[in-house]
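Here is a short report on one chain. Look over the sequence and the model first, then read on.

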Amino acid sequence: YAWAILGNCFSLQKEHDTALRFLNRAIQLAPDFAYAHTLCGHEYAAIENFEKALGAYRRAILLDERHYNGWYGLGSIYF
């Protein structure tokens, strides 16, 4: 989880590319960590890469269908 926390810190600093590197590492180490996928989706959305954002949100929801952050992110792309 430490990689996801560090990625979130870089996200707050608006360093989206660095945040994505840390979040992708978190996913590499724990592929079933739905929240890391959601955070990746937020980063992709922030840099307007909406296709990758949708993919990340969908993976989060596949891992945990009750993960409301993933649903919120998915909805925010469509609306």
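## Charges and conventions

Lys and Arg count as positive, Asp and Glu as negative, while His and the chain ends are not counted. Each charge is placed at NZ of Lys, CZ of Arg, CG of Asp or CD of Glu. On that basis the chain has 7 positive and 8 negative charges, and their mean positions are 3 Å apart.

The model is predicted: local features need pLDDT of at least 70, side-chain atom pairs count only at pLDDT 80 or more, and totals for chains, interfaces and linings use all residues. Residues are numbered from 1 along each chain as its sequence is written, and side-chain values use heavy atoms, with hydrogens and water left out.

## Overall fold

The chain has 5 helices and 0 strands. Helices (H or I, at least four residues) and strands (E, at least two) are DSSP runs, numbered from the N terminus. The order of elements is α-α-α-α-α.

Along the principal axes, the C-alpha atoms fill a box of roughly 25 × 25 × 15 Å.

## Surface and contacts

Of the 79 residues, 41% count as buried. Buried means under 20% relative accessible area, exposed over 50%, and partly exposed in between (1.4 Å probe, protein chains only). The chain exposes about 5200 Å², with 56% supplied by carbon and sulfur atoms. Accessible areas come from the Shrake-Rupley method with a 1.4 Å probe; for residues, only the protein chains shown count as cover.

Contact means heavy atoms within 4.5 Å. Among contacts with a separation of 6 or more, 37% join residues 24 or more positions apart.

## A buried glutamate

Glutamate 43 lies in helix H3 (residues 34-46). Glutamate 43 is buried, yet has no salt bridge. A salt bridge needs a side-chain nitrogen of Lys or Arg within 4 Å of a carboxyl oxygen of Asp or Glu. The nearest side chain of opposite charge, lysine 14, is 8.6 Å away. Beyond its neighbours within four places in sequence, glutamate 43 contacts Ser11, His16, Ala19, Leu20 and Leu23.

## Two loop residues with positive phi

Lysine 14 sits in the loop between H1 and helix H2 (16-29). Its phi is near 65°, a positive value in a residue other than glycine. Lysine 14 is exposed, at 64% relative accessible area.

Glutamate 48 lies in the loop between H3 and helix H4 (50-63). Its phi is near 60°, also positive in a residue other than glycine. Glutamate 48 counts as exposed at 61% relative accessibility.
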